[in-house]
Amino acid sequence: MAVKRSRGASIAIGSLGWIIALWIFFPLFWMFLTGFKSEVDAIATPPHLFFRPTLVSYAEVFERANYWHFALNTVLISVGATFVAILLSIPAAYAMAFLPGKRTKGTLLWMLSTRMLPPVGVLVPIYLIARDTHLLDTVVGLAIVDMLTNLPITVWMLYTFFREVPLPILEAGRMDGANRWQEITVVLLPLAVPGIASTALLSMILCWNEAFWSLNLTSSQAAPLTAFIASFSSPEGLFFGKLSAASTLAVAPILIFGWFSQKQLVRGLTFGAVK
Amino acid sequence: MFAFSSFCRKTVLSVLIAGTALGSGLSAAQADSTLTIATVNNGDMIIMRQLSKEFEKTHPTIHLNWVTLEENILRQRVTTDVATGAGQFDIMTIGNYEVPIWAKQKWLAEIAPTAAYDVNDILPAVRSGLTYQDKLYALPFYAESVMTYYRKDLFEKAGLKMPESPTYDQIRQFADKITDKSNQVYGICLRGKPGWGENMAFVTSMVNSFGGQWFGNGWKPMLDSAAWKAAINWYVSALKADGPPGATSNGFNENLALFASGHCGIWIDSTVAGGLLFDPKQSQVADKVGFAASPKGAYGKGPTWLWSWNLAIPASSKHTEDAQTFVTWATSKEYVQLVAREKGWVAVPAGTRQSTYDNPDYQKAAPFAAFVKNAIANSDPNGQTAEPRPYTGAQFVSIPQFQAIGTQVGQTIAAALSGQMTVDQALSASQASTTRTMRQASYLR
């Protein structure tokens, strides 16, 4: 049923939406702007909105670090971790959604509870495992950790999406002679594509932004963009211009990616929300 | 639909193969003589990294791999690495706080430079901080102490004259006179951001000069002493009356930004700020900066401040010999000459070598050089406080627990500064928390 709103209420809600959007966008805008300031302009108080733009910070960032090396690592880690996470989550979510047992709910909650653990609590054991398996400072090592970190979320999301798929459709597939593999790949997955896509997108974003494990498990060979940003912060000296330039470079690809896939993301996240 | 299933299988297979190939390629072992160096993003380190190409030219079998990190991340990262013996790094940039503690744990390789290195040229105070049981475990890249910076133009306008060696009482009087909050000019800027290496570096140095100390005989915490109360009262009252708003958020960089943009009248902090404040590219007040010694409190003596960034070789490194070749190159007199040639004398690493301070070109390029050298020489990290003390260290206590203790006390002092508690409450809470930690660590029974 359509809800009728007065003109005033529509304007108020629209304005509120704009204010919240600008509020969220402002730090990114300011970071983008600061990247084009000189270091002295970057620290000026009161801050300068109008200034002579310069590419000095970008030039220094490119001179001091191999951006493409860090960016490639980030892409490999994010795509690899997301791909394997989705691959493992699909059968797990299928089993929990369509073949629930006595402990399914408990297992789901337990999986989610691992996200509540502060990562530093398991730093030493994971570091030792990575050391002994020669996975320190490797793309594979960090991708495995990122994948495991995101697995509870991807399983949960896919579980929610799968639950929205009507059981009779799967049963019809079975009646037509589909085995379990065909039931999942031919019947279920095409129906859940928006949900899988939004889960994958969210996992990609989480992997892209992950900093704790990146900084602790990599050093030079497998360091992703989060380590690239961290290298421009300095305890002694002015660095806001360079840090902003490095941060803009680091977030730009995922922002552009998010911009292009926002329709899919929103569609997936609201999948089944309105019946 | 079946085409979709076949597509899925092919994609899974090809991505797995590609992933395995990429992973194994990226994790493949590199040449034996590749040194991985962990360092901080400070100006001197950036220059070292740029000039290291010269090293690679003269040492073609040694390749360098740099890992630059923010100071706190670096500390956490290299501590994990060295404590687990993972051997990810061949050279680490660590402070003089870590060197003796890590050497005691046998985490560092001993460094034995050749005669040509001229180890006796290193300033004694700095060298002593890197020595454990008469052996050197790191070589200093640059060192810093504490001094007072002030705005000559504001002093002139107010008819004031900064003595070469002021007292805290004088500093307070000057700050009161030059504060002009309506024009955003604050008489005094000091570190307020909580942290053992942030506000507590300044506070410890000031407390020593007021006649206070962290621990007395038998490791008894002394944070509730009259000297601590006098020092913290001075600190809180000066910053409240003449400091910038939000002082609890200001660390070294924030105060540097404030001073460089003309908002501070007086700033007491690390000597490393001298080169930054005198650089017109980074400072709007480059031609107006004056300097004086670190102020004196009621006691007037005591250790002040000594920090050095050093290059050390973890015991887990597989290339200790090559690492030592690089470490001695980067901290040598020849390296200082190289920086002077390539970047100018003002850019040479300060605070480590007598020969640098003897050089007339350096004296000319860095008018604050003599102050820095005197500040380091008088920093006296092993010296005595008003009462006998069981520890060494100037602006820190050289025990592993100090990072936790210092940060905790730093937070309560920041709470006093922001008005959440009184100075007495903050110090009594600090005394209680420090006693608890020292008891847990078995220093106290």
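Over residues 70–96 of chain A the chain is 100% helix and 0% strand, with the end C-alpha atoms 38 Å apart; helices here are DSSP runs of H or I covering at least four residues, strands are runs of E covering at least two, and both are numbered from the N terminus. The model is predicted, so local features need pLDDT of at least 70 and side-chain atom pairs count only at pLDDT 80 or more, while totals for chains, interfaces and linings use all residues. Residues are numbered from 1 along each chain as its sequence is written, chains are lettered from A and ligands numbered from 1 in the order in which they are written, and side-chain values use heavy atoms, with hydrogens and water left out.

Over residues 183–206 of chain A, the chain is 96% helix and 0% strand, and the end C-alpha atoms lie 30 Å apart.

Chain A also carries a nonpolar surface patch of about 1,400 Å², whose members include Trp18(A), Leu22(A), Phe25(A), Leu255(A) and Trp259(A). Such patches are made of residues with over 30% relative accessible area and no salt bridge, like charges being joined within 9 Å and nonpolar side chains (Val, Leu, Ile, Met, Phe, Trp, Tyr) within 5 Å; accessible areas come from the Shrake-Rupley method with a 1.4 Å probe, and for residues only the protein chains shown count as cover. Helices α1 (7–34) and α13 of chain A each supply at least two residues of the patch, and α1(A) gives the most, with six residues. Leu22(A) lies in helix α1 of chain A.

### Salt bridges

| Pair | N to O distance |
|---|---|
| Lys242(A) and Glu60(A) | 3.9 Å |
| Lys57(B) and Glu54(B) | 3.6 Å |
| Arg75(B) and Glu71(B) | 3.2 Å |

Lys242(A) lies in helix α13 (residues 240–260) of chain A and Glu60(A) in helix α3 (residues 56–64) of chain A, so this pair ties together parts that are 182 residues apart in sequence. Lys242(A) counts as buried at 11% relative accessibility, whereas Glu60(A), at 27%, counts as partly exposed; buried means under 20% relative accessible area, exposed over 50%, and partly exposed in between (1.4 Å probe, protein chains only).

In chain B, Lys57(B) and Glu54(B) are three residues apart in helix α2 (residues 43–58), and are therefore separated by about one helical turn. Lys57(B) is exposed, with a relative accessible area of 61%, and Glu54(B) is partly exposed at 31%. Arg75(B) and Glu71(B), four residues apart in helix α3 (residues 71–84) of chain B, are likewise separated by about one helical turn; Arg75(B) is buried with a relative accessible area of 8%, and Glu71(B) is buried with 17%. Back in chain A, salt bridges that share partners join Glu39(A), Glu60(A), Arg64(A) and Lys242(A) into one network.

### Two sheets in chain B

Four strands of chain B form an open sheet of mixed pairing in the order β8-β9-β7-β10, where two strands pair if DSSP finds at least two bridges between them. Its edge strands, each pairing on one side only, are β8 (186–189) and β10 (289–293) of chain B.

Strand β7 (residues 146–151) of chain B runs antiparallel to β10(B), to which five bridges join it; across these strands Arg151(B) stands opposite Val289(B) and Met147(B) stands opposite Ala293(B). β7(B) also pairs in the antiparallel sense, over five bridges, with strand β9 (residues 264–270) of chain B, and in β9(B) the bridge partner of Thr148(B) is Ile268(B). Six of the six residues of β7(B) are buried, so this strand is largely enclosed by the rest of the structure. In a regular strand the side chains alternate between the two faces of the sheet. Both faces of β7(B) are covered, with Val146(B), Thr148(B) and Tyr150(B) buried on one side and Met147(B), Tyr149(B) and Arg151(B) buried on the other.

Five strands of chain B form another open sheet of mixed pairing, in the order β2-β1-β3-β11-β6, with β2 (63–69) and β6 (139–144) of chain B as the edge strands. Four bridges join strand β3 (residues 91–95) of chain B to strand β11 (residues 307–312) of chain B, and these two run antiparallel. The bridge partner of Gly95(B) in β11(B) is Trp309(B).

Terms used:
Salt bridge = Lys/Arg side-chain N within 4 Å of Asp/Glu carboxyl O.
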